[in-house]
Amino acid sequence: YRLSASLDERTYAACAGHLQDLLCQECSPYAAHLYDAEDPSTPVRTIPGLCQDYCMQVWQNCRSIFRSLSADPELIALENNMAKFCRYLSLEDTDYCFPHLLANQNLNQNLGLVTADAEGCLQLCLVEVANGLRNPVAMVHANDGTHRFFIAEQVGLVWTYLPDGSRLEKPFLNISEAVLTSPWEGDERGFLCIVFHPKFKFNGKVYVYYSVEVRYEERIRISEFRISPADMNSLDHGSERIILEIEEPASNHNGGELLFGDDGYLYIFTGDGGMAGDPFGTFGNAQNKSALLGKVLRIDVNNNDRGPVYRIPPDNPFVSDPAARPEVYAYGVRNMWRCSFDRGDPHTKEGKGRLFCGDVGQNKYEEVDIVEKGKNYGWRAREGFSCYDKKLCTNSSLDDVLPIYAYPHKMGKSVTGGYVYRGCESPNLNGLYIFGDFMSGRLMSLKEDHATGEWQYSEICMGTGQTCMFPGLINNYYQYIISFAEDEAGELYFLSTGVPSATAPHGVVYKVVDTSRTAPPGKCQVEPSPVKVKSKRIPFVPKEKFIMKAPTAHPRLKSTTPRGGDPEPQTPRPPAVAGAGRAPGDRSRTASTAEPGGRAPGPGRGAEESGQRRRKKPPGDGAVRLMRRGRRGRARGRVEVFIHGQWGTVCDDGWGLPAAAVVCRQLGFPYAVRATKKAEFGQGTSLRILLDDVQCSGQERTLLECSHADVGTHNCSHEEDAGVVCSREEV
């Protein structure tokens, strides 16, 4: 309207429609193409790319409007030459010129779908949001309009992050002295969850779930805290009230989820008690409704300042069953790790209130469930769609609910439940349930087919080529996916680490971004309520980097149809991760937690080992070796490179699978399983750091052919020494 006001009556009648059409292309799903914004090496256009016939028509009648739309001096200089003017506004890819792209069937048939590669893998990008965290187990918001988020570490600290990304120096909560955990990789005990009361803005109440030892007895504890009256960014540590404690017979399968539903009640998700196969009692804890383990519990903590700390909701399914605990909402679960309520479609509210959970399996299958009141989810009779306890599985009274999706351990060994995306910024993701696997590092998604009621699987990959080549975006992540999260606006995040120990500060929080279609400018802006800050702010400094080219894709496990029985075994593709750490003890089971496929065999014996003595020649520039615990590694170890007559280490800035593939191929291994960071295989302190910022395509013969900083120039320490895990077989 502002631009139209400057047009005379004749020009307005002829050109206002063109003016509006051209302005509206900034919000087109194809705006990145129209404005040539996909290639960061070229300047963004001020006018969308126009088809020749349309440009000529507008030029003949309305060329004066372009002065209102653009201050580009080159364009203005060509204003009186139609051929040069329209050539300047044309696009190299004529399929995308305006307005013909609106009628292009090849383009519009997939409008509203996330970009997928040739194998159907959905290509997404990431934004690094927080780093340096010790096993970040949960990220939540207060739903109070401030748009702060709070990240919990397994050791028992919770940190406040402000909307500008900065962290407050003083923790929101610190109960690390009370929390029971250890530095052991894979220890499932610790601070596991935090949730804000729906009326936190008015009552200041927060609830936490953590492991504790009481008189040599391990327990899980759910406690209530209140906000400090002196600081809105800190809890009153003296206000703790224990809501519920449950004895844990073993150190694993501690559950660890707290959620408030739309009904205002608190949902508590407990594990089956641990060990393997739920060996407690005749049918196990999960099938025993008189036990609180292996359950989804629902309690009422509203208005509890006087009287009991919690009450039983009157419509809980087993309140009238004398053989059942009244807190039980659903049963037959093994170890549900990360659950979420669906916010519902932003416009229709379809799906609102559905409760999704990832339930970690025993030794064959992982599953995703939709939890409903009073239902039995089958454990230990069933694992996924398969019978685990065959005698119990054939019991006609079991009446269990099957998962919406299950996957075999070739794909991953420990599911991490996620969220149905309902945010604003990435509209193509709406309705997609996004989740992951802690052990394999896979990101996955499910989409409901409303015609059949089945859920269709698609794997999620990190964007290749120019998909993520925008400022602030990255296309790699640490392998061990611990948790997922939503911010107050509904945008999706996940939390992962390279070393799954409660004391290792290698955890990172990533925001999920879909560049194939973004919301119109300004639509998703939020105005956070003011926050009074009394603690020092620590600015956020991102550390992860974009990997220029992805490694050659390996064969990917095809999606499995959940209702079609057991999936056929196929070879899975490694996820697009970077900096994965050593394989942890699995939070899901007591069986072996070695990496899928086992340890890679070492290379064959060379001539020097076959009895012939040879004088060793000095290695050439670019030669590599692997070192591990002071000795030569075979298939895994710290990478050391020979340059200018000396051996040295490689810094992990930019280090990823493409670089690992170069190293492994030099050493005679066809496959790179992992690219490791943070000196996972020890620090080469006796050597110089020779290479930094190494970025490879994966096809180079040596690391020296990759992009890197000048030899010997670096901004890191030996705590960031890079390493690799190689294999002769695809893993």
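Analyst: Accessible areas come from the Shrake-Rupley method with a 1.4 Å probe, and for residues only the protein chains shown count as cover. By that method the protein chain exposes about 31900 Å², with carbon and sulfur atoms supplying 49% of it. The model is predicted: local features need pLDDT of at least 70, side-chain atom pairs count only at pLDDT 80 or more, and totals for chains, interfaces and linings use all residues. Residues are numbered from 1 along each chain as its sequence is written, and side-chain values use heavy atoms, with hydrogens and water left out.

User: Why does Asp 72 count as buried?

Analyst: Buried means under 20% relative accessible area, exposed over 50%, partly exposed in between (1.4 Å probe, protein chains only). Asp 72 has 18% relative accessibility, and therefore counts as buried. Of the 731 residues of the protein chain, 56% count as buried.

User: What does Asp 72 touch, not counting residues up to four places away in sequence?

Analyst: Contact means heavy atoms within 4.5 Å. With those sequence neighbours left out, Asp 72 touches Thr 46 and Tyr 88. Asp 72 is also 9.3 Å from Ile 47, C-alpha to C-alpha, and 25 residues from Ile 47 in sequence. Among contacts in the protein chain between residues at least 6 apart in sequence, 64% join residues at least 24 apart.

User: Where is Asp 72 found?

Analyst: Helices (H or I, at least four residues) and strands (E, at least two) are DSSP runs, numbered from the N terminus. Asp 72 lies in the loop between helix H4 (66-69) and helix H5 (73-77). The protein chain has ten helices and 35 strands.

User: What makes strand E31 mostly covered?

Analyst: In E31 (residues 636-643), eight of its eight residues are buried. Strand E33 (residues 671-676) is mostly covered as well, with five of its six residues buried.

User: How do you know that E31 and E35 pair, and which way do they run?

Analyst: Two strands pair if DSSP finds at least two bridges between them. Three bridges join E31 to E35, and these strands run antiparallel. The partner of Arg 638 in E35 is Gly 723.

User: Which residue of E35 stands opposite Thr 676?

Analyst: Thr 676 stands opposite Gly 723. Five bridges join E33 to E35 (residues 723-727), again antiparallel.

User: How many bridges join E31 to strand E32?

Analyst: Four bridges join E31 to E32 (residues 646-650), in antiparallel fashion. Ile 643 stands opposite Gln 646 in E32. Their hairpin has two residues between the strands, and His 644 takes a positive phi near 55° there.
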